[in-house]
Amino acid sequence: MRPVRQPLLAAGLATLATAATLGLAPGAAVAAPAPRISVNWFGAADARAHTATIGGRYACGAERGLAYIEVHLAQRVHRGSVTGFGFGVIGACTDDRTAGAWTATIPADKGAFRGGPATATARLVVEPNSLTETTEPLRLVPRCLRR
């Protein structure tokens with residue numbers, strides 16, 4: 001058997017000690033991916049129907065269960081503001097469905113959404129106990145009228 005060089009042995013032991021300190025040792029627990037949600041940069045405003053439709057993407061991470069999206073939308077219009085609340089139904093986070101796209105149509109509480117900047121707060125809820133939230137600016141584009 002060939003003798004082991006001292007510097008090489010010391011470097012190997014130092015690397016193992018660092019890995020163990022950081023939790024990278026074999027058998028160490030690795031954090032599961034967290035759920036994520038995002039909002040698209042653009043949405044559609046339908047002033048005649050007093051609604052806005054927005055969407056985005058979601059990822060369940062390691063969570064499994066019944067899942068849905070809650071959306072709060074706010075927009076400054078003239079000297080006031082228009083707000084609304086709606087849901088995006090995605091069904092469930094399962095081993096077969098861990099990510100995808102969502103959409104929600106939000107009715108205005110009072111007034112009407114118009115084309116222009118707005119702010120959306122979207123929450124991904126995975127029952128029984130997971131909640132992920134983001135607040136993002138977006139631009140509502142007026143929906144074209146069909147004849």
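What follows is a walk through the fold, the core, the disulfide and a few individual residues of a predicted model. Local features were kept only at pLDDT of at least 70 and side-chain atom pairs only at pLDDT 80 or more, while totals for chains, interfaces and linings use all residues. Residues are numbered from 1 along each chain as its sequence is written, and side-chain values rest on heavy atoms, with hydrogens and water left out.

Starting with the overall layout, the protein has one helix and eight strands, where helices (H or I, at least four residues) and strands (E, at least two) are DSSP runs numbered from the N terminus. Along the sequence this reads as α-β-β-β-β-β-β-β-β. Of the 147 residues, 34% count as buried; here buried means under 20% relative accessible area, exposed over 50%, and partly exposed in between, with a 1.4 Å probe and protein chains only. The exposed surface comes to about 9,900 Å², with carbon and sulfur atoms supplying 58% of it (Shrake-Rupley areas, 1.4 Å probe; for residues, only the protein chains shown count as cover). As for contacts (heavy atoms within 4.5 Å), residues 24 or more positions apart account for 67% of those with a separation of 6 or more.

Next comes the inside. The largest nonpolar core holds 27 residues, and the members touching the most others are Ile54, Ile69, Leu73, Trp102, Phe113, Leu138 and Leu140. Such a core is a set of buried Ala, Val, Leu, Ile, Met, Phe, Trp, Tyr and Cys residues joined through side-chain atoms within 4.5 Å. At least two core residues come from each of β1 (36-39), β3, β4, β5, β6 (99-107), β7 (116-126) and β8 (130-142). Take isoleucine 69 as an example: beyond its neighbours within four places in sequence, its contacts include Ile37, Trp102, Ala122 and Leu124.

The structure holds one disulfide, a term that stands for a pair of cysteine sulfur atoms within 2.5 Å. The partners are cysteine 60 and cysteine 93, with their sulfur atoms 1.9 Å apart. The S-S torsion of this pair is about -70 degrees, so the disulfide is left-handed. Cysteine 60 sits in the loop between β3 (51-59) and β4 (65-77) and cysteine 93 in strand β5 (residues 80-93), so the bond ties together parts that are 33 residues apart in sequence. Cysteine 60 is buried at 0% relative accessible area, and cysteine 93 is buried too, at 2%.

Glutamate 63 is also found in the loop between β3 and β4. With 26% relative accessibility, glutamate 63 counts as partly exposed. Setting aside residues up to four places away in sequence, glutamate 63 touches Pro35, Cys93, Val126, Asn129 and Ser130. Its C-alpha atom is 8.6 Å from that of proline 33, 30 residues apart along the chain.

There are two aromatic pairs. Rings of Phe, Tyr and Trp (its six-membered ring) pair if their centres lie within 6.5 Å; planes under 30 degrees apart count as stacked, over 60 as edge-to-face and the rest as tilted. Phenylalanine 85 and phenylalanine 87 make an edge-to-face pair, 5.0 Å centre to centre with 80 degrees between the planes. Phenylalanine 85 is partly exposed at 32%, as is phenylalanine 87 at 46%. Together with Tyr68, these two form one aromatic cluster.

Glutamate 70, in strand β4, touches both Phe85 and Phe87, and its other contacts beyond four places in sequence include Thr121 and Arg123. At 17% relative accessibility, glutamate 70 counts as buried.
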